[in-house]
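Me: I'd like to learn how to read the contacts in a model like this one. Could you walk me through it?

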Number of protein chains: 2
Amino acid sequence: MFSKACEYGIRAATYIASQSLEGRRVSLKEIAEEIDSPVAFTAKILQQLSRNKIVASSKGAYGGFEIEKSNIERIKLGQIVHAIDGDKVYVGCGLGLKKCNANKPCPVHDRFVAIRDDLKNMLEATSLREMTMGLEVGTTYLKR
Amino acid sequence: MFSKACEYGIRAATYIASQSLEGRRVSLKEIAEEIDSPVAFTAKILQQLSRNKIVASSKGAYGGFEIEKSNIERIKLGQIVHAIDGDKVYVGCGLGLKKCNANKPCPVHDRFVAIRDDLKNMLEATSLREMTMGLEVGTTYLKR
DNA sequence: GTGTACTAGGACAAATTTGTCCGATTTATG
DNA sequence: CATAAATCGGACAAATTTGTCCTAGTACAC
């Protein structure tokens with residue numbers, strides 16, 4: 001569904017959000033440990049999220065990553081996906097046709113659009129805050 | 001959503017089905033032209049579909065690919081996807097966790113399962129016959 | 001200022017997916 | 001039997017994605 005990069009990105013952002021809610025700024029190393037991802041690769045992804053203003057980074061000792069509280073409410077899953085995978089989740093034909101649309105549809109156009117719209121709606125409706133909810137109480141996980 | 005191989009596979013199978021319904025056996029070359037796919041790569045994919053009994057191939061002069069009429073009704077999109085991409089559409093966590101399940105879910109587990117079930121249902125409900133319907137009357141397309 | 005703990009970013013490497021090439025084999029036809 | 005038209009299958013090549021390594025730069029603490 002998503003690229004590995006995107007999966008790591010969502011997990012990383014979710015972890016950062018959960019810690020930011022407790023007032024903790026977290027390092028790359030800690031993030032990679034907590035979401036069980038390759039450190040250097042995760043660094044690249046966090047750079048992207050940082051450039052896209054999804055996470056804030058600070059260099060130097062006691063530096064790390066954090067997300068402003070107001071942003072934790074505001075940022076939706078869809079923004080993270082878009083920052084990493086671009087719009088390919090939203091655009092693009094299920095059968096790979098370049099010019100598939102309602103006028104010249106592929107044989108599964110309508111059925112795909114329906115499912116993709118559901119996905120899109122879910123991504124746009126789910127905030128980082130919601131992602132963190134279960135983590136705090138231990139009913140959801142980011143590893144393994 | 002699907003791999004390129006799978007996209008080509010669905011398009012190829014759909015084209016073969018549409019021609020088989022008219023009693024025509026079609027060659028690899030013709031298939032690749034009609035679905036606008038790389039010839040040699042399409043050959044590999046058709047081999048897979050052949051091994052999985054989704055299409056029937058005959059070698060030699062006047063050989064080619066075809067699908068039995070009764071199979072056109074019976075074969076569902078899901079079988080084609082499974083033959084090429086395996087079960088990764090059905091199994092597997094949206095965030096890439098190996099052991100994500102209802103007991104130890106990732107933060108988006110439920111929302112993903114809902115969407116994936118829709119996709120699964122669609123794939124299992126759509127037959128090759130249905131895929132060919134619009135092609136005959138020119139309301140759906142397999143190229144571009 | 002120096003050391004230490006960080007992120008930034010470029011270059012590189014490995015793995016996977018996508019795609020090509022070519023010889024072997026099969027089958028119909030003359 | 002010879003030829004032509006086709007699939008089969010293995011080896012290879014290119015492109016993309018995933019992942020590593022190393023250097024530079026930044027900020028805090030002493």
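Reply: Gladly! Let's begin with two terms: a residue is near a strand if one of its heavy atoms lies within 4 Å of it, and helices (H or I, at least four residues) and strands (E, at least two) are DSSP runs, numbered from the N terminus. This is a predicted model, where local features need pLDDT of at least 70, side-chain atom pairs count only at pLDDT 80 or more, and totals for chains, interfaces and linings use all residues. Residues are numbered from 1 along each chain as its sequence is written, chains are lettered from A and ligands numbered from 1 in the order in which they are written, and side-chain values use heavy atoms, with hydrogens and water left out.

Me: Which element gives the largest share of the surface near DNA strand D?

Reply: That is α3(B), with four residues. Around DNA strand D there are 25 residues, and Y8(A), P38(A), L28(B), K44(B) and S57(B) come nearest.

Me: What part of DNA strand D lies within 4 Å of the protein, sugar or phosphate, or bases?

Reply: Sugar or phosphate accounts for 68% of those atoms, and bases for the rest. The side chain of S57(B) places an N or O atom 2.6 Å from a phosphate oxygen, while Q47(B) has a side-chain N or O atom 3.1 Å from a base nitrogen.

Me: And how do I read the area buried between chain B and chain A?

Reply: The size of an interface is often given as the accessible area lost when the parts come together. Buried area is found with a 1.4 Å probe and summed over both parts. Between chain B and chain A about 3,200 Å² is buried, with carbon and sulfur atoms giving 72%. On the chain B side, M1(B), L95(B) and I115(B) lose the most area to chain A, together 19% of what that side buries. Counting contact (heavy atoms within 4.5 Å), each of chain B and chain A supplies 35 residues.

Me: How many salt bridges cross that interface?

Reply: A salt bridge needs a side-chain nitrogen of Lys or Arg within 4 Å of a carboxyl oxygen of Asp or Glu. The rule finds two between chain B and chain A. One of them pairs E130(A) with R111(B), whose closest N and O atoms are 3.5 Å apart.

Terms used:
Buried area = accessible area lost by both parts, 1.4 Å probe. Polar contact = N/O pair within 3.5 Å; in protein donor to acceptor, adjacent residues only side chain to side chain.
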